[in-house]
Structure formats: structure tokens, C-alpha cells
Amino acid sequence: MARKGTKTTAGALRNVRIVDLTQIWAGPLSSKILADMGAEVIKVEATRRYDNARNYGSLPNDQLGERPYNRRALFNNRNRNKMGVTLDLKTDKGKAIFRDLVAISDVVMENYSARVMGNFGLEYDALRNVRPDIVMISMPAFGRTGPEKDYIGQGSNLTPLAGMVAVTGYQDSGPQQIGAYTDPVTGVSAVGAVMAALLYRQKTGRGQYIDLAQREVSARFIGEAVLDHGLNGRIGGPQGNRQAGMAPHGCYPSKGEDEWIAIAVSSDQQWLDLCSVTGHPEWADDPRFSISSERLNNQDELDPLIAGWTQQRDKYEIMPLLQQADIACGPVLTAEDLVDRDPHMEARGFFWKTSVPDAPDLGVHSIPGALWKFSKTPATLRSPAPRLGEHNDLVYGELLGISDDLEALETEGITGTEPLVREGMWLSGQP
Amino acid sequence: MADQALSGIRTLELAQGVAGPYAGNLMAGLGAEVVKVEPPTGDWSRRVEPFPGDVPHPEKSPLFLYLNMGKKSITLELDTPRGRELLLQLASEVDVLLEDLPPGHLDSLGIGYKRLEEANPALVMVSITPFGQTGPYCDYKATELVIVAMSGLMRAYGEPDREPIKPGGWMAQYHVGTQAFGAALVALYDSQLTGFGQQVDISAMEAMQAANENAISNWAYNYEHVQRGGNVGRAGGTGLFHCRDGIAVLDTVIGDFPSFERLAALTEVEELGDPAYRDPDYRREHSDEINELIRPWVESRTKSEIYHAGQAQRLPFGFVSDTRDLLESPQLKAREYFVEVDHPRVGTLTYPGPPFKMTETPWHAGRAPLLGEHNEEVYGDVGPHGR
């Protein structure tokens, strides 16, 4: 089928068009990755219900500016390389336009709660009538089926419910939460799921629907604990920063306020070399530490000795010293380190430079670039994150060929470039 | 077996440990033929405890058994001329090569990407290393702890007055493996259309930036530093709370005041009906007080009661689940999430099931291979080990 493209890219996914209804983190991360790899991603929001990530997160110097919904750090980073349209899916006209978009697209992505797409009449079975080989993915917290399918999941409750918190924490004080860990896990997993479906479609011409439950995909990250339980009858708990079979192994203070260095010694030879490079040959002779079985048992005595040495030195000084001795070692890096200081990130050209039209006060700044380096079809930065409804004319006018109705659609509130919700906390100065 | 999403795709897995093998695990579950190339001593994950009875056994490591489900195993001594020849031959016949050797190692053996590409132009080669194929750290060593530290993520986890804490187990490398899986399929999609593959350079340090986006963005926009917050929620009525039989997780819906009202009503705390609490900034400033007020309600209930009562009020409650909680979860049971798989050395055990459900193409849970189990099948007359 001849395709009227709005952009041409040389990316690996240049022939893939995605209608993207996802919001916040997990979904937009996956469509970002696909967009970076060249897919044409059309992000569909509504003036009454736009991506909530436009409502919170850092603003340039804490300033709301004229259009704060186009100025949020998290939203802007996560939605580069996508086109943005607005469409009120509660209206018949909005639904009709959505179906027209689906008819010329390969993938539909959404992570609304259970009933939303069905309420719109735009669930998979309906969209399949429009385009039989469409690939559609949902990313529900708990799955589209089951007694808890309507339960609400955010990263904060999903991460513990997936089993990730039970195995994390200091050995003396129990589980520690690790934020919304399940969001990026879901996002990167969705990329593979969509690609698997596209490969199958490439082979057979058949699309399908993917139900990617955030808790299920995340629980697989600690699958060995399930095996440990079945095989050994054990329930694992937090191990702190320790690792079976390795000593010294942990996070040690380095010079400065709240600065740390991670060290992982995995052989007796590395231990000898560590004693040597730190200028402490007496540790090598100490029977508490000389062989690994002893070292493993005496870590409570060993760690303070290591810390005594590390805390006098800068984390970036310690790393190369130990790495020269083939010891795995690296600083606990901050965002500032990664963006502005680290020589490896600099040499790899990881961060892209961009500016955001509605944030002239921010100027040119760094955003994370390509997660992977493809030798022949590298990811590129084509455009910053879309302003709300920025590409309505381009997508509806050029791509769909709707010529006369564009202004009327905006007047009727079906499309638009400004939020219709103005009061309350949604546009407050909440950082 | 019904046709699977990746049926017909052949993958060679020249990787050990967690990241590369998890990518292979995902491909195998979706129907790809994944041949795992191990050194004669086996993947190092075969030596990772805990073993049954604490007796090390190369076929009984939980980590290996889980990560290598559904694959074939051959052994190969790569650092011999015959070994290199065999790898070249094997790589000529597959669609995807997953490898995690130190940067430049395959090149030094004369079987780097350029050589493999000559033999197999459509080959997708995914190279997974801690720091990538280039750059000042490319020869540096890393483990899970070091990867987490250098990703920037570790900065955010743990108590403010203590050392940062790493997420348990091998979660970062599972994450990198998941990305490698996605990247392989992206490159494969293109290769199938054009007939030309490519090399994909994955640096764990870079890949983990997918999980570190918020810290990076907040720094770039507003020079904000990440602060560790421990387990105490800072928005009032959020965070981890000890309850009768474990640890409950309370939260409100992001940016939604009515959900806080529902939480106040549920936890039977009249004071929280005061209009002052409407302001999220006020709630943030008084989060400790709010948490103290709800504590009695939480402490008198079980994690399951709290979870379901909260969810019934459309609140994103949860609890800290361990393996037993997951195995007993009515939701996971209804979803048939866990599967039973038999294995010649450890018998039938329960394994986590599919990462996602596809309507047309099923997931298949195969077992982990014995070391070199498929030498005869794969090498045939040629013989194993490159000898």
C-alpha cells in the first residue's frame, strides 16, 4: 500500500508507524525507543486529557512560563522524536479520525486503565475491523484479565508487589523501596514485545494483541528466587550490597559529602592486587582475609578497613587505580557526574543536545541519547518533544488528507493546542 | 506447537551470566532456536549459589536453570584455531549472534563483526558489555554492583544517612538483557527487509539510563540533585508501613487530591479532612504527621487486608511481596503466570512464566540444557570443542 509519509528517516524502523496513546513513563519510554530507532510515532493526547507528565516534574529554573505543559523536563525528555496531536476520543468525529489513523498505521500502544479503550469503542477487536493486521499493545498494571485486573498500579506499589523490594535493603534493617522501578522495566520490555509481533506479522501478515502486565514482566527479574524456593525451600531477603562469593564487595565512602565508590573483588589474586595498590600489604598477610572463605566470613571487619582507605580519595581517582589491577570498581555517579563530568559518557557522545521551543529560558541542554549504538542505522535526534497538538495540521491535513475541517475541529474542541483544564492542582506550581 | 512469534529465527548465544542469557531466554520463549555456546567449564552462572544442600553442581544452579530455559547447549573452546573456525561456521548459519566478550576480543581472534558480516551479511550481532565497544572505560571490569553504581540509579536508593543500597539480585543485568532482546529484534526487522544486518553496541552504563531519565532530566532543567528518601513517603500517606504480618505500601494517585480524601476516609483519620490538606505542598510539609495519624489503622491490619481495602477505594495500595506471596497471589494464579517445567537433574520445578501474553502466538517454557547437551546434534560429524 502506497504510504504518504510525513517524515522520512533512515532508521531501522523507518517503515513503521505507531499510534501512541501511552502516558507518563512506561509507555512513552517504549515509544521513545521505537521513535529513536526511526519509527514514525504519532502521540495522541486530548486537550481535556493530555499526558499527565505535562503536569509535574522539573521546570526550567522552577518557572512555569507561558505554557508550562510544554516545559516539563520528564515529558520533554521522554517524548522527543514523536509527533503530537490532540483528539477528543469521546466524540464521534474524534473516534472516526482515530480509526483513520489506525488504518494507516502498524501499531497502537496504550496504557490506560482497563475499561478506557472499550469505553471509547476503540479496543482491539474494534480496531482490527479497521486494520486486520494491526499490532496493539496494552501495558496494564496487573493484566487485562484476573480478579485484580481493575486494580490501580503505579511504580510505587507495583515494584514491591513484583517482589523487587523484598530482596533489596540493608542486612540490618529490612526491605528498602527503590522507587518506580517497574516503569522503565515495562517500557523496555514493551519494545521487544512490539517487535516480536511485528516480526511475526512480517512473516505471516497477521497482527495481534499484546497484554503486557507490568507486575508480571517485572517479577521475572528475580526469577531465580522462585527457583531457590522450589529447589531449596528458601525465601531470600535483603543482602545489602554484599554478593555471595565476593569479598570485599560493597559501597564505600569516598572523599566528599555523600560520595561513594563501589568495589567488587572476585578472586584471591584481585585481593592481593588490591592490598598492593592501596599500599596495605599487611592486609594480605592477615589470616582473617587471606583466602576468600575467610574474607567472606570477616567482611564486617574488612569493610571498615577498606573504607578507611577510600574515604581519603576522590571516587574518580580510585576507579582507574583499581581497574588497572583488573578489579571491578566504579563510583556511585550523580546526574551531574554523568552529564557534565564523566569522560566516558563524553567520549561515547551519549547525551544529545537539544532546545525546547517553549523553554527559551532553558536554552540548549543535554538529554539522554540513544540507548544502543547501531552500526548502520544509528538512532538520531530528529525533533524535540511535541508541544500539545503541535502536529495536528501536519497529521490530519497532510497525512490523513482532511482539508476543510481542521479549523472546525479545533473550534469544536476535538483538537486544539491548549489544555481545557485550567484550575486546580493540575497547573499549580507543583514541581 | 502452534507457530510462535520468533519461530524460524536462529540465535547463537555466546554470552554468560545474566544480561546476554536473559536476552536469549526471551527469544527462546518466543520460539527462536537459541544455541548457547559455553566454554567447556560452562557458563559461570552454573557456579552461582545457592545450591540444593549447599553442594555446588553445574546443573543445579537456580540462576542458570531459570535464565537458560528453552535453549540448546554446545561447548566450544574459542581460543583455538578450530574453535574459531567452528564459530565462524555457526555464525554464518544464524540470524542473530548475542555476545558479551570483552571489546576487541573477537576481532583479535579474526572473527569480529567485519569477518562475520562477510560470511553472513544479514547477521545481526548484538554486543553486550558494561561500558561499550569504545571509550576510556571499554576495558574496565564491572559486576552488577558496579553497573548499578555507575548508572546513576544507586544514588537514589537507601537511607539518606547511610551508604546507598543496590537493588537485590541481578535486576540491572536483567534490564540490560531485556534491552538487548529488543535491540536484536529491531535490527532483525530491518535485516529481514534489506538483507543486511549490523552490529549493535550495547553498553550497560548507557542502557541503564532508561531507568535514570528522571534524575538526568531534573538536573538538566533545574540543577536538582537526587536525594535518598528511605522508606518514608514524602507526600503524606505514602511509603512503606509495618503492618500486622509484613510491610504494606500506601500511596495516592499521582496529582489527584480526591484520592487523598479517599485515603483519609479509609484510614478513619478525621483530622485529615481539614481543608488545609488539600494543598499538596502542605501535605508534603506535614507528611510525617500524616503518616503517624494513619499508622494505627495500618498496624492493626494484614498486608492483604490493606491491599484489597485500598484498591476497593481506588487507591494504589500494595505490599512487599516475597516469593511465597507471588506464588500464592490469586491474580497471578488466575493468569496462570507460573509454569511447571521438568528437568533431568532437578526434576519438576515452578518457574515464572511469560513476560507478556500475545493473542496469536504462545510462549513456550522449555528447560535449561545440560552442559554440552546438544554437541552431537549441532556439530554432527564435526565433533565438539573444536578438537
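Predicted model: local features only at pLDDT ≥ 70, side-chain atom pairs only at ≥ 80, totals over all residues.
Student: Which residues of H1(B) and H7(B) meet?

Tutor: From H1(B) come Ala19(B), Tyr22(B), Ala23(B), Leu26(B) and Met27(B), and among their partners in H7(B) are Tyr174(B), Val176(B), Phe181(B) and Leu185(B). Sorted by kind, the residues of this contact between H1(B) and H7(B) comprise 10 nonpolar, 3 polar and no charged.

Student: Why is H7(A) called roughly parallel, and not oblique, to H7(B)?

Tutor: Helix H7 (residues 182–204) of chain A packs against helix H7 (residues 171–194) of chain B at an angle of about 25°, with the axes 9 Å apart. Since the cut-off for roughly parallel is under 35 degrees, H7(A) counts as roughly parallel to H7(B). The contact of H7(A) with H7(B) holds 15 nonpolar, 8 polar and 1 charged residues, and H7(A) passes H7(B) in a left-handed crossing.

Student: How many residues of chain A and chain B are in contact, and what area do the two chains bury?

Tutor: Contact involves 155 residues of chain A and 157 residues of chain B, and about 13300 Å² is buried between the two chains, 59% of it on carbon and sulfur atoms. Of the area that chain A buries against chain B, 7% comes from Tyr170(A), Arg220(A) and His344(A), more than from any other three residues.

Student: How do you know that Lys376(A) forms a salt bridge with Glu117(B)?

Tutor: The closest N and O atoms of Lys376(A) and Glu117(B) are 3.0 Å apart, and the rule asks for a side-chain nitrogen of Lys or Arg within 4 Å of a carboxyl oxygen of Asp or Glu, so the pair qualifies.

Student: What do Arg341(A) and Asp314(A) tie together?

Tutor: Their closest N and O atoms are 3.4 Å apart, in a salt bridge. Because Arg341(A) lies in helix H15 (residues 335–341) of chain A and Asp314(A) in the loop between helix H13 (299–310) and helix H14 (315–323) of chain A, the pair ties together parts 27 residues apart in sequence.

Conventions
Residues numbered from 1 in each chain as written. Chains lettered and ligands numbered in written order. Heavy atoms only, no water. Axes fitted to C-alpha atoms, helices over the stretch in contact; angles between N-to-C directions. Helix = DSSP H or I, 4+ residues; strand = E, 2+ residues; numbered from the N terminus. Parallel < 35°, antiparallel > 145°, perpendicular 65-115°, else oblique. Left-handed = near helix turned anticlockwise from the far one by under 90°. Nonpolar A, V, L, I, M, F, W, Y, C, P; charged D, E, K, R; others polar. Contact = heavy atoms within 4.5 Å. Buried area = accessible area lost by both parts, 1.4 Å probe.
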